[in-house]
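Please keep the sequence and the model in view while reading.

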Amino acid sequence: HGAELASIEPGDVVAVIGIGPVGLMSVASASVLGAGRLFAVGSRPKCIEVAQEYGATDIINYREGGIVEQIMEATKGQGVNRVIVAGGDLDTFQQAFDILKVGGRVANVNYLGEGENIKISRESTLVGMGHKQINGGLMPGGRLRMEKLGALVASGRLDVHPLATHIYHGWEEVEPALLCMREKRPDLIKPVVVLEE
């Protein structure tokens, strides 16, 4: 949904900020939609590995320096056409606008659970005249949409197996799977509980 909200077109330079499960699907979707250069912003080795499998051309590790500085250096000051915010906090929007080209779009699929205001500097909007847009929202559902997403998986265009890093079997494993998520293990992307009949 992040890739849809961003209106990615073939050849766009795209940055995905946050490469947990939602961000990784954003990387994969941006790739399927034809992103030319694809930045994935994150720090966990397993997530970086999967982001590269899904088509990320560049990895930006925020523990090694500022996101804005690294992306602007990599693009020789040009920035990106599209940003998908799939992680971070209220300050992430400023970073997204700072790397966004004129006429670009920010797509937010990150739940903002705390804070009062999203602040974006007047300068980064080119005093409001930069034709920069923000779209955000929950992914729509429905049978037709699920059929289309299922077709991506069934055809092999989208392999979701790399997301399932921890597999559990049976009802008795639900609690350990939830604890695994809460602990945020470094090698975790998503736990999956298989319920057999």
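Predicted model: local features only at pLDDT ≥ 70, side-chain atom pairs only at ≥ 80, totals over all residues.

Q: Why are the buried residues of helix 4 on the same side of it?
A: The buried residues of this helix are Ile67, Val68, Gln70 and Ile71. In general, an α-helix has 3.6 residues a turn, so residues three or four places apart point the same way.

Q: Which exposed residues does the face of helix 4 turned away from its buried side carry?
A: A residue counts as exposed when its relative accessible area is over 50%. On the face turned away from the buried side of helix 4, the residues that are exposed are Glu69 and Glu73.

Q: Where is lysine 184, another residue with a positive phi?
A: Lysine 184 is not a glycine, yet its phi is about 50°. Its relative accessibility is 65%, so lysine 184 counts as exposed. Its place is in the loop between helix 7 (174–183) and strand 8 (190–194).

Q: Is helix 5 largely enclosed or largely open, and which of its residues are buried?
A: Six of the eight residues of helix 5 are buried, so the rest of the structure largely encloses this helix. Its buried residues pack against strand 1, helix 4, strand 4, strand 5 (100–108) and strand 6. Helix 5 is thus largely enclosed, and its buried residues are Thr92, Phe93, Gln94, Ala96, Phe97 and Ile99.

Q: Which residue in strand 2 stands opposite alanine 15?
A: Strand 1 and strand 2 run parallel and are joined by five bridges. Strand 2 is mostly covered, with four of its five residues buried. The residue of strand 2 opposite alanine 15 is phenylalanine 39.

Q: Is tyrosine 168 buried or exposed?
A: Tyrosine 168 is found in strand 7 (residues 164–169). Beyond four places away in sequence, this tyrosine touches Glu173, Pro176, Ala177, Cys180, Arg185, Pro191, Val192, Val193 and Val194. Since a residue is buried under 20% relative accessible area, the value of 12% makes tyrosine 168 buried.

Q: How many Å apart in space are tyrosine 168 and glutamate 9?
A: In sequence, tyrosine 168 and glutamate 9 are separated by 159 residues. From C-alpha to C-alpha, their distance in space is 38 Å.

Q: What is the area of the nonpolar surface patch to which Met139 belongs?
A: Methionine 139 lies in the loop between strand 6 (133–136) and helix 6 (143–154). Its relative accessible area is 45%, so this methionine is partly exposed. Together with Met146 and Leu149, Met139 makes a nonpolar surface patch of about 270 Å².

Terms used: Residues numbered from 1 in each chain as written. Heavy atoms only, no water. Buried < 20%, exposed > 50% of the residue type's maximum accessible area, 1.4 Å probe, protein only. Helix = DSSP H or I, 4+ residues; strand = E, 2+ residues; numbered from the N terminus. Patch = residues over 30% accessible without salt bridge, like charges linked within 9 Å, V, L, I, M, F, W, Y side chains within 5 Å. Areas by Shrake-Rupley, 256 points an atom, 1.4 Å probe, with all protein chains shown as cover. Salt bridge = Lys/Arg side-chain N within 4 Å of Asp/Glu carboxyl O. Contact = heavy atoms within 4.5 Å. Pairing = 2+ DSSP bridges.
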